[in-house]
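Please read through the following model with the sequence at hand. The text goes from the overall fold to single residues.

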Amino acid sequence: VQLADGRHLQAGAISAALIPVFTDYADSHDRAELSRIVSVVLTLATAALAAVVAVLVVVAPLLVQIIGGGFDEEAKSVATYLVRLMLPSVLFMGTSGILTASLYARQRFTLPAFSVAVYNLGIILGALLLAGRIQVTSIAVGVLVGALLQVAIQLPGMRGIRLRPALDLSHPGVRAILKLYAPVALGLIGANHGVLDDGCLATHPE
């Protein structure tokens, strides 16, 4: 649950940093340039998040040891498996945050409003349909499904925006986003540190 809350916080922070920049391009009515900046941000974010997820999958046992050092070996093994299973949801939630920002910039609010609801729906369906077969793993599967649904429900709203892979670190919009995201990133570090502290205290009650 703490991991899920952290990912939602990150997605919301991504949107907050992107909306002002995307709105500037949307207000200019230059659809081609808006498509360009959204494509660049999606490409860069996907590459960065995929790399982070890959690293975290490798070091998952260490993360579990830090957060859940009070668990026995069997619990640590299960926790490591669940962490690895849920990590791809970070990529989906990052993508969802970018789509939300682009839709807000174009004054389209309906589909983003349902994104949190479908995320929760994914978790609920995972628990209801799979708990009898795969026990606690059903929740992890639900997190993955819910994160994927967040992306899927917003894609229809992207009609009119041509999305294609694009790398352009020199784009002025990218530089503006990085300036806005810097203080947000510092806030996220503090928030995630609190999540880690809570996990450590919960598994080391003594």
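Helices (H or I, at least four residues) and strands (E, at least two) are DSSP runs, numbered from the N terminus. On that basis the protein has 8 helices and 0 strands, and its elements run α-α-α-α-α-α-α-α from the N terminus on. The model is predicted: local features need pLDDT of at least 70, side-chain atom pairs count only at pLDDT 80 or more, and totals for chains, interfaces and linings use all residues. Residues are numbered from 1 along each chain as its sequence is written, and side-chain values use heavy atoms, with hydrogens and water left out.

Some totals come before the details. A contact means heavy atoms within 4.5 Å. Of the contacts in the protein between residues at least 6 apart in sequence, 82% join residues at least 24 apart. Accessible areas come from the Shrake-Rupley method with a 1.4 Å probe, and for residues only the protein chains shown count as cover. The accessible surface of the protein comes to about 11100 Å², and 69% of that belongs to carbon and sulfur atoms. A residue is called buried under 20% relative accessible area, exposed over 50%, and partly exposed in between (1.4 Å probe, protein chains only). Of the 206 residues in the protein, 38% are buried.

How many salt bridges does a search of the whole structure find? The term stands for a side-chain nitrogen of Lys or Arg within 4 Å of a carboxyl oxygen of Asp or Glu, and the search finds 2. In general, side chains of opposite charge can pair when their charged atoms come close.

One of these salt bridges joins the side chains of R36 and D168, at 3.5 Å from N to O. R36 lies in helix α2 (residues 31–67) and D168 in the loop between α7 (137–154) and α8 (172–203), so this pair ties together parts that are 132 residues apart in sequence. R36 is partly exposed at 34% relative accessibility, whereas D168 is buried at 18%.

The side chains of E73 and K76 also form a salt bridge, at 3.7 Å from N to O. Both residues lie in helix α3 (residues 73–86), 3 residues apart, which is about one turn of the helix. An α-helix has 3.6 residues a turn, so residues three or four places apart point the same way. E73 is exposed at 60% relative accessibility, while K76 is buried at 13%.

In α3 the buried residues include K76, A79, T80, L82, V83 and M86. At the start of α3, a side-chain oxygen of D72 comes to within 3.3 Å of the backbone nitrogen of E74.

Two loop residues have positive phi values. Q107, which is not a glycine, has a phi of about 60° and sits in the loop between α4 (88–105) and α5 (110–113). Q107 is exposed, with a relative accessible area of 56%. Q135 has a phi near 50° and is found in the loop between α6 and α7. Q135 is exposed as well, at 52% relative accessible area.

Methods
Polar contact = N/O pair within 3.5 Å; in protein donor to acceptor, adjacent residues only side chain to side chain.
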